[in-house]
Amino acid sequence: MSKSSKEYTWEEIAQHSKEGDAWIVIDAKVFDVSKFAALHPGGANVLYAESVAGKDATQAFFGLHRHEVLLRPQYQRLQIGTVRGQKEQIKAPTPGELSKVPYAEPTWLIEGYYSPYYSDNHRKFQTAVREFFETVVKPESIKCEESGKKISQEVVNKMAEANIIAMRLGPGKHLHGRSLIGGIVKPEEFDYFHEGIIHAELARVSSRAVVDGLLAGLVIGLPPVLNYGSPELYAKVVPDALAGKKYVALAISEAFAGSDVGGLQTTAVRDGDYWVVTGTKKWITNGTFADYFTTGCKTETGFTVILIERGPGVETKPIKTAYSSVAGTAYVTFDKVRVPISNTLGKIGNGMSVILSNFNHERWMVCATSISAHRLVVEESLKWSTQRIVFGKPLTSQAVIRAKLASMMSRAEACQNWFESVTYQMNKMSYSQQSDRLAGPIGLLKQFISRAGRETAEDATQVFGGRALTVTGMGKFIENYHRTSGFDAILAGAEDVLGDLGVRQALKKMPRGARL
């Protein structure tokens, strides 16, 4: 019989309640903390002064610690048995399992609810994707968020093997002939709801920085090659990129111009069969480790997009930002870089249409990850406010806390439903139709979601109090979200610019005869 399977009565447990001989009970599990007391991060007195030795310490423990603490090997070794006649109530979710916390999951995943958009195949796909991210990506995400190092090639290879890298680019010819996450969905049946599931599940297990570090640069930098590159360029770049062997970054923003794409100053001058590119790019996601840069340039005949391979004259330097350097955010310098004319994406001088059509998908992707992170914050806040005891009652007994929770839930549902409506339109439209009809709605959607996220970040911070200010412990997810949710309001287009884009597009469609 193992130590952890032995049963004790409350009478036996109560006999071990003094310094040097202390047992505690957490969720029906008995722990011998006699030797551990001196090593307790909060000091030995916590175990004695709070009168938890020899008693049930479940409430006290969960007022201070996350459940994951109990799952660490060093603490599991302290367990000596269980309480006779009692069973463990709080269990770690199995990989792929749905959360039972209200509003932690979108309605389409909840048993007893219905959706006009999602099929049984989407649900089966979601289960497999969540299991993959929780088992393969989550451990790496935690490690890289702290170290700031690039995601390991081993994890990238596993993502490529499941064709998750390819699926993050959406439906299209690049999926043909591929087995998508073990064949759960056929390439010709894969749609934007499937893709949205991937982005959402990635954001559930990853910080904002890791979401970007896990090849977000490729997701936004490779589509122009897919849609506008020559067959030869496609053959050279796309297979290796989707296999995780080569990395791509989108290099548009500069210190001189961000949302004002027309104000870019990087130049490309033609010299025979080559472009000579000179200029700088800033805030380039994955730029520190990218092999290719999908680059916006000024040419004699107008704005042009060129794929530049890392080589002589290309230099990248990391930029320190508010989130982890795992994202690979870079300052990129092009010093008279010679690039074959064949690396031009689309027609010379027609780069604006190449980039603007690409922005729609990028902004939609940011919406998908942002909503998922938003829901995780709602889940964390509901858990904490029900287990945290103040003035002898749970936090949820306070009307002001319930009001904050109501606002957080409402925002999450509003964002989700608008996102699903837009995604349905994407499924029904061609790439060119999306560019024409959805740029404004997607811009407004992203503005709404990023603002809702920051409002929820503020509310969650008040729910968690001081714990929301520390990077570890009970409020670590809230601290990270509060610090990094603002990235969604800037990346892929500043929210005010996108709001204005939505209005301007609406005004273009105003009928001349419309009057009050």
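Helix α17 spans residues 476-484, and its buried residues are Ile478, Glu479, Asn480, Tyr481 and Thr484. This is a predicted model.

| Helix covering α17 | Residues |
|---|---|
| α9 | 208-213 |
| α13 | 351-387 |
| α16 | 439-464 |

The largest nonpolar core holds 70 residues. Which members touch the most others in the core? They are Phe125, Phe133, Val137, Ile164, Met167 and Leu222. Leaving aside residues up to four places away in sequence, Phe133 touches Lys138, Ile164, Ile198, Glu201, Leu202 and Val205. Apart from this core lies another, of 20 residues, including Val378, Leu395, Met409 and Met474. In soluble globular proteins, nonpolar side chains tend to be buried together.

Some nonpolar side chains sit on the surface instead. Val503, Leu507 and Met510 form a nonpolar patch there, with about 300 Å² of accessible area together. Leu507 belongs to helix α18, residues 495-508. Is Leu507 buried or exposed? Leu507 has a relative accessible area of 56%, so it counts as exposed; the cut-off is over 50%.

Now the sheet. Five strands make an open sheet with mixed pairing, in the order β1-β5-β4-β3-β2. Its edge strands are β1 (7-8) and β2 (17-18), and each pairs on one side only. Strands β2 and β3 (residues 21-26) run antiparallel and are joined by two bridges. Lys18 stands opposite Asp21 in β3.

Key: Residues are numbered from 1 along each chain as its sequence is written. This is a predicted model: local features need pLDDT of at least 70, side-chain atom pairs count only at pLDDT 80 or more; totals for chains, interfaces and linings use all residues. Side-chain values use heavy atoms; hydrogens and water are left out. A nonpolar core is a set of buried Ala, Val, Leu, Ile, Met, Phe, Trp, Tyr and Cys residues joined through side-chain atoms within 4.5 Å. Buried means under 20% relative accessible area, exposed over 50%, partly exposed in between (1.4 Å probe, protein chains only). Contact means heavy atoms within 4.5 Å. Helices (H or I, at least four residues) and strands (E, at least two) are DSSP runs, numbered from the N terminus. Patches are made of residues with over 30% relative accessible area and no salt bridge: like charges are joined within 9 Å, nonpolar side chains (Val, Leu, Ile, Met, Phe, Trp, Tyr) within 5 Å. Accessible areas come from the Shrake-Rupley method with a 1.4 Å probe; for residues, only the protein chains shown count as cover. A salt bridge is a side-chain nitrogen of Lys or Arg within 4 Å of a carboxyl oxygen of Asp or Glu. Two strands pair if DSSP finds at least two bridges between them.
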